[in-house]
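This briefing is for a reader who is new to the structure.

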Amino acid sequence: MTPRFMSIRPALLWLLLGLLAACSASGGSSDGIDYDTCGLRPRATLPVTFRGNVPIVQGTINGMAAALILDTGATGMALTENALHRLDLKTDEQHMFTSHGIGGQSQAFAGTLHDFQIDGIHVPDHPVSVLPNTSQISRQHAVDGLFGVSILSVFAVAFKIQHKVVTLYAGRICPGTVLPVWGRPSEMVDASRSTKGRFIIPVELDGKQLNALIDTGAEASIVSADVVASLGVTQAALQAGPHAVLVGTGPQTATAYAHVFQEIRIGDDVAFHPLLLVTERAEPGIDMILGADYLKSHHLWLSPYTKRVFIERGGQARAGP
């Protein structure tokens, strides 16, 4: 099952980023973070659990516990329709959201997020997308929604998914600030193509240059079917192999085919014979999804300020995604 990203109106995204940044700037002394001195320091540490291969973080909404998919592929926060009612939140009929991705497109009125807190961070109230009961995620009753980049992109984020922890860093970046702050050898990957707070990086698959979205909300890494066809892999060859059913924010499921490629290169990291899923393209301009399977074997630092991704060096070529 692979939860997918969703769209949120860009104006609302940047309004929320401004509100969070203003709260940080005005509350530097009260929240224990120095926003005047150069350097980044931990602001929050989020324990991560897993449901299947999907990372889950815990927060509170309206004083009640909420389990959310940690989803760097989602441009905004989303709640299921069931969670909206359970958490006693209201529908905002002034805003309509459209979600795109695995399972098709769906539309629903927004919900009004109230009193959302996660590890001491209080997020300003704002409209959020509601995943209707017709969506596959809502039907499973497994999570309350998606914790997307509208909040995450206010911070530098260190992912240590295999250690079941994600750390959010805040502070001030100066010309001499060294990133990442973890102090171990890392590969810097350009993410200047990133949009709407999400991270898109260059990837080479069997010699072909691709744009890959880092998407922690996806259980597995996925390649678009048209890309695979351009590599000479036929539909008949795909259908002869194993397949999987993908679940996302849409009302339908989607079929994906497993295929073993020759190699994948991300920065100086090389993996031989990676097994990736192949399905129809979910979004223009995104050739590939780097899912939670990749993050489970790599430490990543995402820097929204510099639009760079840092990958801790593993030192050896390996097999797998």
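Strand S19, residues 254-260, is mostly covered, with 5 of its 7 residues buried. The model is a predicted one.

**Strand S19 and its partners**

- Strand S18 (residues 243-246) runs antiparallel to S19, and 4 bridges join the two.
- Within this pairing, valine 245 has threonine 255 in S19 as its bridge partner.
- S19 is also joined to strand S22 (residues 275-279) by 4 bridges, and these two strands run antiparallel.
- Here alanine 258 stands opposite leucine 277, a residue of S22.

**Strand S16 and its partners**

- Strand S16 covers residues 208-214 and is mostly covered, since 5 of its 7 residues count as buried.
- Strand S15 (residues 200-205) and S16 run antiparallel and are joined by 6 bridges.
- Opposite isoleucine 201 stands alanine 212 in S16.
- S15 and S16 form a hairpin that has 2 residues between the strands. In its turn, aspartate 206 has a positive phi of about 50°.
- S16 also pairs with strand S23 (residues 288-290): 3 bridges join them, and they run parallel.
- In that pairing, isoleucine 214 has leucine 290 in S23 as its bridge partner.

**Nonpolar cores**

- The largest nonpolar core has 63 residues. Those with the most contacts inside it are Phe116, Phe147, Ile201 and Val309.
- Apart from it lies another core of 12 residues, which includes Leu213, Ala220, Ala256 and Leu277.
- Leaving out residues up to four places away in sequence, valine 309 touches Glu187, Met188, Val189, Ala191, Phe199, Ile201, Ile214, Leu300, Trp301 and Leu302.

**Aromatic rings**

- How many aromatic pairs does the structure hold? It holds 3.
- One of them is formed by phenylalanine 116 and phenylalanine 147, whose rings are edge-to-face, 6.0 Å centre to centre and with 70° between the planes.
- This pair links distant parts of the chain: phenylalanine 116 belongs to strand S8 (residues 116-118) and phenylalanine 147 to strand S11 (residues 145-147), 31 residues apart.
- Phenylalanine 116 is buried, with a relative accessible area of 0%. Phenylalanine 147 also counts as buried, at 0% relative accessibility.
- Tyrosine 169 and tryptophan 301 have ring centres 4.7 Å apart and planes at 45°, so their pair is tilted.
- That pair likewise links distant parts of the chain, with tyrosine 169 in strand S13 (residues 165-172) and tryptophan 301 in strand S24 (residues 300-303), 132 residues apart.
- Tyrosine 169 and tryptophan 301 are both buried.
- Tyr169, Trp182 and Trp301 are linked into a cluster by ring pairs.

**A charge over a ring**

- Lysine 296 has its charged end over the ring of phenylalanine 50, at 4.3 Å from the ring centre.

Definitions and conventions
Residues numbered from 1 in each chain as written. Predicted model: local features only at pLDDT ≥ 70, side-chain atom pairs only at ≥ 80, totals over all residues. Heavy atoms only, no water. Buried < 20%, exposed > 50% of the residue type's maximum accessible area, 1.4 Å probe, protein only. Pairing = 2+ DSSP bridges. Core = buried A, V, L, I, M, F, W, Y, C linked by side-chain atoms within 4.5 Å. Contact = heavy atoms within 4.5 Å. Phe/Tyr/Trp six-rings, centres within 6.5 Å; stacked < 30°, edge-to-face > 60°. Lys NZ or Arg CZ within 6 Å of the ring centre and 35° of its normal.
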